[in-house]
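User: I have a model with paired chains and want to know what the terms for it rest on. Can we go through them one by one?

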There are 2 protein chains.
Amino acid sequence: MTSIGGCLLDLSGVLHVGNTPLPGAHEALTRLRRLPLGLRFLTNTSRTPHAVLLTQLNRMGLEIAADELLTAPLATRSALKQRGLRPYLLIHPHLRPDFAGLPRHRPNAVVVGDAGPYFSYQRLNRALRLLMDGAPLLAIAQNRYFMAADGLNLDAGAFVAGLEYAAGVQAEVIGKPAPAMFHTACAQLGLPPDQVVMVGDDVEADVLGALEAGLQAVLVRTGKFREADLYRLATRAPCHADIISFVRELETGMR
Amino acid sequence: MTSIGGCLLDLSGVLHVGNTPLPGAHEALTRLRRLPLGLRFLTNTSRTPHAVLLTQLNRMGLEIAADELLTAPLATRSALKQRGLRPYLLIHPHLRPDFAGLPRHRPNAVVVGDAGPYFSYQRLNRALRLLMDGAPLLAIAQNRYFMAADGLNLDAGAFVAGLEYAAGVQAEVIGKPAPAMFHTACAQLGLPPDQVVMVGDDVEADVLGALEAGLQAVLVRTGKFREADLYRLATRAPCHADIISFVRELETGMR
């Protein structure tokens with residue numbers, strides 16, 4: 001790992017699980033902030049708005065500034081604003097604050113997040129009709145499923161795939177593993193991608209996605225990590241026991 | 001067109017539209033029945049059960065015997081019975097009679113039809129969990145959408161694609177354009193596929209599907225036919241104005 005100027009960290013599974021910080025997370029953050037490094041935190045979470053997430057993290061003692069936290073929903077909001085799009089939002093009502101104030105009349109874009117039970121047939125049909133009229137399909141993320149109290153639940157990716165098939169279009173994915181979010185973070189740090197390292201517990205979304213986007217990457221054996229991930233990782237990126245173990249090695253390399 | 005021993009006809013758009021027979025449909029059927037031909041009628045309709053469809057057709061004066069009518073739902077039922085599968089049915093309640101009597105406890109297969117508003121998040125999650133446990137995914141059909149009174153509506157194919165993506169599996173498609181339904185019809189007629197001709201208004205499901213399955217095929221310019229279909233058809237199969245025009249040419253060829 002050479003000439004690292006920036007470090008991007010996934011949140012859930014790397015620094016905390018639920019409302020509990022992972023062992024070494026506080027210390028890792030403190031030590032990272034002492035290094036000559038730009039820091040950003042990247043998450044695909046699409047049921048919790050940015051402001052609420054920030055409060056939750058700070059309550060856990062993980063002190064993160066608002067502009068250090070990049071979420072897939074806010075990245076989607078930026079893309080909509082930049083392109084002057086009026087979204088039809090297939091999202092969970094909890095996430096509405098992240099899209100407040102955007103024009104919504106006569107929508108000309110479809111945004112899909114983890115809407116859960118709010119994926120009704122009627123709303124999906126509305127999305128289909130807009131897509132057939134030429135509206136672009138923006139996927140906040142394309143995760144397949146997640147574990148909930150009642151068992152596995154379909155995540156946004158399933159409905160993105162269904163709409164893609166029906167309308168014969170291809171979604172523009174905003175969240176990890178799509179390159180856009182990684183590149184936005186690098187641009188904010190003023191660094192070329194190859195001088196930035198992404199650290200995550202999701203071999204596909206965090207590690208392989210970052211490598212694909214030209215960044216360096218590190219997998220940690222916490223959160224959703226499974227031994228089988230090592231087969232997918234192969235020799236393409238290093239794997240660390242946890243975040244603190246990664247930080248120690250980074251410090252050694254930078255001495 | 002040589003040595004034709006059997007003829008398969010699509011229904012909606014070829015012999016009728018809604019509850020109205022198409023011009024020439026009655027005469028075409030009468031003349032077809034005078035030829036030395038086996039006849040079968042093939043439809044993907046997945047909201048109307050076999051018995052109701054038969055009644056509707058006969059009310060229009062299109063006299064068709066029960067064993068001449070092959071529907072994708074009944075083909076799905078046969079596949080389930082043959083393989084001893086207990087289905088979890090993601091179908092419209094109207095279609096339930098076609099699956100009556102099959103074992104349903106502890107389902108070990110997922111069947112997807114055009115369930116319309118009965119595609120709830122909860123039911124889709126139930127299907128996902130079964131697929132993740134290894135249950136096969138049977139798609140009655142994989143049509144993309146259909147036109148309804150309120151505009152375009154998502155058809156079964158969208159939800160099949162979503163479940164395929166989420167669970168990382170591939171559906172087994174039973175209806176047209178999958179080869180199974182064409183081959184079942186040929187087997188019933190005791191004919192090799194190349195001696196059977198399929199006539200339809202859907203260039204993909206009827207014509208290209210039949211050609212792929214080794215049958216001969218003819219496109220008619222009625223029903224959902226659009227000029228653009230001719231580009232997809234190219235020189236792979238002939239195109240006729242309507243069903244009666246096809247029958248006249250068939251008679252000439254068989255003289």
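User: Which residue of chain A comes closest to the rotation axis?

Analyst: A:G162, with its C-alpha at 2.3 Å from the axis. This is a predicted model: local features need pLDDT of at least 70, side-chain atom pairs count only at pLDDT 80 or more, and totals for chains, interfaces and linings use all residues. Residues are numbered from 1 along each chain as its sequence is written, chains are lettered from A and ligands numbered from 1 in the order in which they are written, and side-chain values use heavy atoms, without hydrogens and water.

User: Why is this called a two-fold axis?

Analyst: Copies are superposed by least squares on C-alpha atoms of residues with pLDDT of at least 70 in both. Chain A is laid on chain B by a turn of 180° and a shift of 0.0 Å along the axis, with an RMSD of 0.1 Å. That is the relation of a two-fold axis.

User: What makes residues count as in contact?

Analyst: Their heavy atoms lie within 4.5 Å. By that rule, 29 residues of chain A are in contact with 29 residues of chain B. The same surface serves both copies: 100% of the contact residues of chain A recur in chain B.

User: How is the buried area defined, and what is it between chain A and chain B?

Analyst: Buried area is the accessible area (1.4 Å probe) that two parts lose on being put together, summed over both. Here that is about 2,500 Å², and carbon and sulfur atoms give 62% of it. A:Y121, A:L154 and A:Y165 supply 32% of what chain A buries against chain B, more than any other three residues.

User: What makes A:R129 and B:D150 a salt bridge?

Analyst: The rule wants a side-chain nitrogen of Lys or Arg within 4 Å of a carboxyl oxygen of Asp or Glu. In this pair, N to O is 3.3 Å. The pair passes. Across the interface of chain A and chain B, the rule finds two salt bridges.

User: Which elements give two or more residues to the side of chain A that touches chain B?

Analyst: They are α4 (121-132), β9 (145-148), β10 (151-154) and α5 (156-167) of chain A. α5(A) gives the most, with eight residues. Helices (H or I, at least four residues) and strands (E, at least two) are DSSP runs, numbered from the N terminus.

User: How many helices and strands does chain A have, and why is chain A called as compact as a globular protein of its length?

Analyst: Chain A has nine helices and 14 strands. The radius of gyration, taken over C-alpha atoms, is set against the globule rule: 2.2 Å times the number of residues to the power 0.38. Chain A has 18 Å, close to the 18 Å that the rule gives for 255 residues, so chain A is as compact as a globular protein of that length.
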